[in-house]
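Open the model in your viewer and keep the selection tool at hand. The stops below say what to select and what is there.

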Amino acid sequence: MSGAAQSRKIMRWLAALAIVPCACSGGAYAPRSRPAPVHAGAAAGDAQPGPAPPPAPAAGPPAAAATSAQAAAATAQATAASAQATATSAQATAASAQATAASAQAAATPWPPARPPAIETDWCIPGVDALDEETCYVLPDAPTRTLLIYLHGIVPPTKESQQKTNFETVVVRASRRAGVAALMPRGKVGLAPKGFARWWGWPTGGAAYREHAAGFVAAFAEKRRKLEQLAGVSFSRVYVAGSSSGAFFAAALALGGDIEADGFGAMSGGGGRATPELPRLAPRPFYIGFGTHDAVGGSARALADVLRGAGWPVRVAEHPVGHGAKEIYLDEAFAFWREHEAR
């Protein structure tokens, strides 16, 4: 082989080696890349452009935007709730201030606002105030708009008597305990049962009732107005009750519709018959109390039957006591009347 032929053979062999890729997987055995050609017009030392920058991140998903809106709404609601709570607190503070002012004003206002001049009468026992010569009255510790008119049993015309002391003490204690005002007017001499002609009593029926009842009712109304003026209030609720003779008179007034009252009570007494007026009267709560050692049990039960027949609410209470006024009767009567106030 000539030298030229041998040279051509070597060149073909080298060219084959240059284009056959390495089958190895390692990077150390990979063929070197050839430098990129220089573009026309570019200096040989100019840097070549690098790879394109990565694309900008896309906006967050719609759920993230919604969550942000909900958070903003929740913040607005919290702000509104805080403002409302502040307003409520301010209202409560104002109401408290008004209540405090009202309490202070009430404490500064005397009760009763005026007292009548001292009246000399032996009708009212020591410690009980006299409205006039024939009427005692009771005012509780705090202002009230409820009044009890209490009619006594027969009382001897003496300066001191067990009957007078007992009923006035009972009325004073029970009324103050109940927080109500009370009037204790005096009856008339000559109206008591036979054998007690000079005692104070009431017209319990028949001709005496027809002759005197209206006058007594008018006198009660006048004494009520007098006590209202003294106390500085108008009584909006009035009860009429009595013991013994006073119980029979109270029952007669109720059955005949001859006095306006919100409730009645007959203690150690009762009696009475159905009247032509009774079916037309508005029913009122009627308390009836008597003792097991008293002789009036039959007439008290008869009164209850008459009232129930007319649709009146009635409570009958029997206690192991004797005749006359008792605190237990008035305590139960006040509770019974008040049960019907809310109805």
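Predicted model: local features only at pLDDT ≥ 70, side-chain atom pairs only at ≥ 80, totals over all residues.

Residues are numbered from 1 along each chain as its sequence is written, and side-chain values use heavy atoms, with hydrogens and water left out.

**Stop 1: helix H4**

Select residues 206-231, which form helix H4. Helices (H or I, at least four residues) and strands (E, at least two) are DSSP runs, numbered from the N terminus. The 26 residues of H4 should span 38 Å at 1.5 Å a residue, and the end C-alpha atoms are 37 Å apart, which agrees. The expected span is 1.5 Å times one less than the number of residues.

Now centre on His-212, where H4 bends by about 40°. That bend is the angle between axes fitted to the seven residues ending there and the seven starting there.

Next, colour the buried residues of H4, among them His-212, Lys-223, Leu-227 and Glu-228. Buried means under 20% relative accessible area, exposed over 50%, and partly exposed in between (1.4 Å probe, protein chains only). The partners of these buried residues include strand E1 (129-132), strand E4 (181-185) and helix H5 (245-256).

**Stop 2: H4 against H5**

Show H4 and H5 together: they pack at an angle of about 90°, with their axes 12 Å apart. That makes H4 roughly perpendicular to H5, a label for angles of 65 to 115 degrees. Axes are lines fitted to C-alpha atoms, for helices over the stretch in contact, and angles run from 0 to 180 degrees between N-to-C directions.

Display the side chains of Tyr-209, Ala-213, Phe-216, Val-217 and Phe-220 in H4, which meet Phe-249, Ala-252 and Leu-253 in H5. Contact means heavy atoms within 4.5 Å. The residues of this contact are eight nonpolar, no polar and no charged.

**Stop 3: Met-184**

Go to Met-184 in strand E4. Met-184 is buried, at 0% relative accessibility. Beyond its neighbours within four places in sequence, its contacts include Trp-123, Cys-136, Tyr-150 and Phe-167. Leu-148 lies 36 residues from Met-184 in sequence and 8.6 Å away in space, C-alpha to C-alpha.

**Stop 4: Gly-127**

Finish at Gly-127, in the loop between helix H2 (62-108) and E1. Is Gly-127 buried or exposed? Gly-127 is exposed, with a relative accessible area of 70%.

Note on methods: Parallel < 35°, antiparallel > 145°, perpendicular 65-115°, else oblique. Nonpolar A, V, L, I, M, F, W, Y, C, P; charged D, E, K, R; others polar.
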